[in-house]
Amino acid sequence: MTAGPATPGSTDRVDLVAYTLRLGDDTLVFSQRLGEWIAASPQLEQDVAIGNIALDLLGQARALLSYAGAVEGRGRDEDVLAYFRDERDFTNVHLVEGASRGDFAITMARLLVFASYQHQLYGRLAGSSDETLAAIAAKAVKEVDYHRDHATQWVLRLGDGTQESHRRMQAALDAVWPDLDELFESDDLVRRLPGVAVDPADLEQPVRGYLRQVLDRATLTVPDVRPAVTGGRRGIHSEVMGFLLAEMQHLARSHPGAQW
């Protein structure tokens, strides 16, 4: 694997690891959350679809975490980074860790937002000067194109369906929307990686534009809500994150060193 402009022991190398980890954490955590719907979806076909989406995201996470471990050079592979880091070491956004409370509309709202964001992110990251990140993004953008379309179709179906489905879809959007702003927060890390990283602030306009189009078609209203308090990129998470990690990491921590 190539580490782009980073060199051993350099600040660039540390920053590249941190940036790659945040991308991998987003996909890993959301994959875990989506997996909760397998065998619990409203229809059999959706069990298969949401399972495939979760597997796509897990594949992205594996590639990103493996690359971060290789660049870091401390012997931490994808399993160590996934299962043996503590909550404050994860730098995913709050959006992906949120629980759906068993509400399918909330999950589709969250998937629509995240897939729209990822579609723009990976489309631009495919042009990164870091060859490995560019290759991961070039493959992933094809996957998230399907994820975005899948969520779009469900939001249209529920929003422009019955009076009850419309009400529940709007309520789901209202619940998810406060976490939207965190996706577009820029920071010194991405600014220290010009040509390598994608500045999330540059994604805000096209992502919001796509979301507005979908909501208009679905006869839904763009929520007018106050942004939530952020901190995921700094390892500050919501109360549900600890429960999610406990479930995800339990087996590996109960049997350290096991191979499967």
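What volume does the largest pocket have?

**View 1. The largest pocket of the predicted model.** The largest pocket has a volume of about 300 Å³, where a pocket is an open set of points on a 1 Å grid over the protein atoms alone, with protein on both sides within 12 Å along at least five of seven lines, and a volume is the space filled by probe spheres set on the points, which are joined across faces, edges and corners. Among the 16 residues that line this pocket, L28, S31, L58, R62 and Y83 are the closest to its centre, a lining residue being one with an atom within 4 Å of a point. This is a predicted model, in which local features need pLDDT of at least 70 and side-chain atom pairs count only at pLDDT 80 or more, while totals for chains, interfaces and linings use all residues. Residues are numbered from 1 along each chain as its sequence is written, and side-chain values use heavy atoms, with hydrogens and water left out.

**View 2. Helices around the largest pocket.** At least two residues of the pocket lining are supplied by each of α1, α2 (44–72) and α3 (78–83), the helices being DSSP runs of H or I with at least four residues, numbered from the N terminus. The element that gives the most to this lining is α2, with six residues. By class, the lining of the largest pocket holds 10 nonpolar, three polar and three charged residues; here Ala, Val, Leu, Ile, Met, Phe, Trp, Tyr, Cys and Pro count as nonpolar, Asp, Glu, Lys and Arg as charged, and the others, Gly among them, as polar.

**View 3. The largest cavity.** The whole structure, when searched, shows two cavities of 30 Å³ or more, a cavity being a set of points where a 1.4 Å probe fits but cannot get out. The largest cavity contains about 80 Å³ of space, and its lining includes Y19, R22, L23, Y117, L121, E182 and R233. Two or more residues of this lining come from each of α1 (11–35) and α5 (104–125), and α1 provides the largest share, three residues. Eight nonpolar and four charged residues make up the lining by class, with no polar ones.

**View 4. The second largest cavity.** About 40 Å³ of space lies in the second largest cavity, whose lining is formed by L23, D26, T27, F114, Y117, Q118, L121 and Y122. Both α1 and α5 give two or more residues to this lining, and α5 gives the most, with five residues. By class, five residues of the lining are nonpolar, two are polar and one is charged.
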